[in-house]
Amino acid sequence: MPSISNLALAGLLAAGQGASASLIGAVQLERFIKQETPIALQGILDNIGPNGVKVPGAGRGLVIASPSKSNPDYFFTWSRDAALTFRTLIDDFLFGNKGLEPLINDYIYGQARLQTVSNPSGTLLPNGAGLGEPKYMADGSRYNGNWGRPQRDGPPLRAISLIQYSNYLVSKGQTDRVRDEIWPVIANDLAYVGQYWNATGFDLWEEVNGASFFTTQAQYRSLVEGATLAKTLGLPCTACSEAPQVLCLLQSYWNGKFITANFIQGSHNRRGVDANTVLGPLVAFDPAAPCDSPTLQPCHPRMLANFKNFVDTFRDPALYPINKGIPQNKGIALGRYPEDIYFNGNPWYLITLGSAEYLYATIASWEKSGSITITSTSLPFFKDLYPLGRVGTFGKLHPAYHIIKGLVKTYADSFVAVSQKYTPENGMMAEQFLKVEPFTPISAANLTWSFASFVGMNHRRQGHLPASWVPKDVAVPSTCVGSSVKGTYAPATQAGAPNVTIPCISNVLFQLNASTYYGENLYVVGNSPTLGNWDLETAYPLMSSNYTAERPLWYATIPLEMEEGVTELRYKYARQQDCGQEWIVEEVERVLEVPACVKDGSEEVLAERDEAFEGPGGSSGGC
């Protein structure tokens, strides 16, 4: 009998050790997921008012982004984050956690009330503009600071979450409750989507203004599902007729190599590679939709090519030292986009976990369809994991199907393992973790979205799948039209909203030249309720999104509401200093004869002011 050479024996031993290490890693990962899941769920609940133990003072049903109140201050509620969080909680409820239902009802109440809060983006009545406000104070009152507004993703995401729960109620015979209480909240959001889907807004990272892939994908799903629910309820959904044109826009983000995340207005340094193109398909996921669906499911050839391009961007050790030496077929730590400078641009837990969820969703689609199709577009994605991969369709009877499925599952697990490696022993997930040593958590602690991403990831990993929503006959129009449908809005009083009325307003564009430092903000204060009636704490914030060194512009189109009988606006500009310093308020009192107000929801600017700040400039307090 021939002897085994020393070299062969060494090879066998090495292979055995590798298999043993993989088995140990798999066991440890399973243990981590089992331990972290209840921690993450509790982390979500701890951050929801009114009973969340880490967010005292939070309003009923309001999701607080993080208990962190400094460096950074995330003690606010964001419409987007809340909708994504409750989409996960409603999933958890539908998959058996019935104890969450009172919290879901609190969410409905809280969102109905938020829809009516007058804010710097506008009001609910008459034109719905206020629904584009991205965030509010923890108690549900308006946030009055300078911010990237409007943001168009909150309304469609909220509609998707509430439709998800409404479909459940209808299946349980509670159609009347859905029609009378929940549909009015959804209808406002759908009206907003139908009216403003073709207008610019800030992306989910709140930094660039334009059109966003993530937002467009959410908008399309909301209109399709809204139309279906409206038909079930016997109600109209005029806004839902815009769905085909939104789908047409969705196709335009593909640039031949990857999905361009945003069509950005103005100068910028972005190449278009962005996590929003991975997170968007998670919102749109339908396991029953074919992989070539124009809804751009996770398993779509273009989306798999995009996934590879996005992940490969962060494999560069010069960009992300944390990923140095990790093989091409293993998961890595992932951030928002390569040009990110926020906290020096680090990996995010929710993006790394979201990438795992993306791959689990892809597998689920293959399992539903019974085959894996590799195209020339998606081939590079498959080649990284399966070098023998080739263009073709492989059914469940083909060995390649099971090999590829197993390799993608292992790949997905490796992203979860990255999260495992950098999650503290107590399971508390921050927003980010450092891309350089010591690779520790940074930014906001106990981030609700991070916890929700873990719970959502595990649902897909366990095979818990959402209901189908993609129409069987979905088709992209031959011509894209930038249309819109003027919305009709009303407070959802049966859900808890106050019965607000239409204000009489005069839209005035204020433009102010004022050089500022980072952290300084500009406001208008004056004798109008809109301008705070001379109270600096409720003055109207100006925006700086068009600010340049050549034109240090702060601006806002302000819907002025005047006291009855008052036609002369008296106002001043005010600098809000950082570090708790005193405000710098102009000494001069400016005067404007306000044009006659209107109640028809017109966004026409009736007067313009182009002025320069009169008074001393500010200086940073250095905090």
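A contact, in what follows, means heavy atoms within 4.5 Å. The structure on screen is a predicted model, in which local features need pLDDT of at least 70 and side-chain atom pairs count only at pLDDT 80 or more, while totals for chains, interfaces and linings use all residues. Residues are numbered from 1 along each chain as its sequence is written, and side-chain values use heavy atoms, with hydrogens and water left out.

Select Trp147 to begin, a position that UniProt, in an unreviewed entry, gives the feature "binding site"; such annotations may be inferred rather than shown by experiment. Trp147 sits in the loop that runs between β2 (135-137) and α4 (154-171), where helices (H or I, at least four residues) and strands (E, at least two) are DSSP runs numbered from the N terminus. Because its relative accessibility is 25%, Trp147 counts as partly exposed, that is, between buried (under 20% relative accessible area) and exposed (over 50%), with a 1.4 Å probe and protein chains only. Leaving aside residues up to four places away in sequence, display its contacts Trp78, Pro134, Lys135, Glu206 and Met543.

Next, select β3, β4 and β5, which form an open antiparallel sheet in that order; two strands pair if DSSP finds at least two bridges between them. The edges are β3 (201-202) and β5 (262-264), each with a single partner strand, so one side of each has no neighbour in the sheet. Strand β4 (residues 209-212) pairs with β5 over three bridges, and Gly210 stands opposite Ile264.

Finally, move to the open sheet ordered β13-β10-β17, whose pairing is mixed. Here β10 (residues 506-513) runs parallel to β17 over six bridges, with Leu509 partnered by Glu608.
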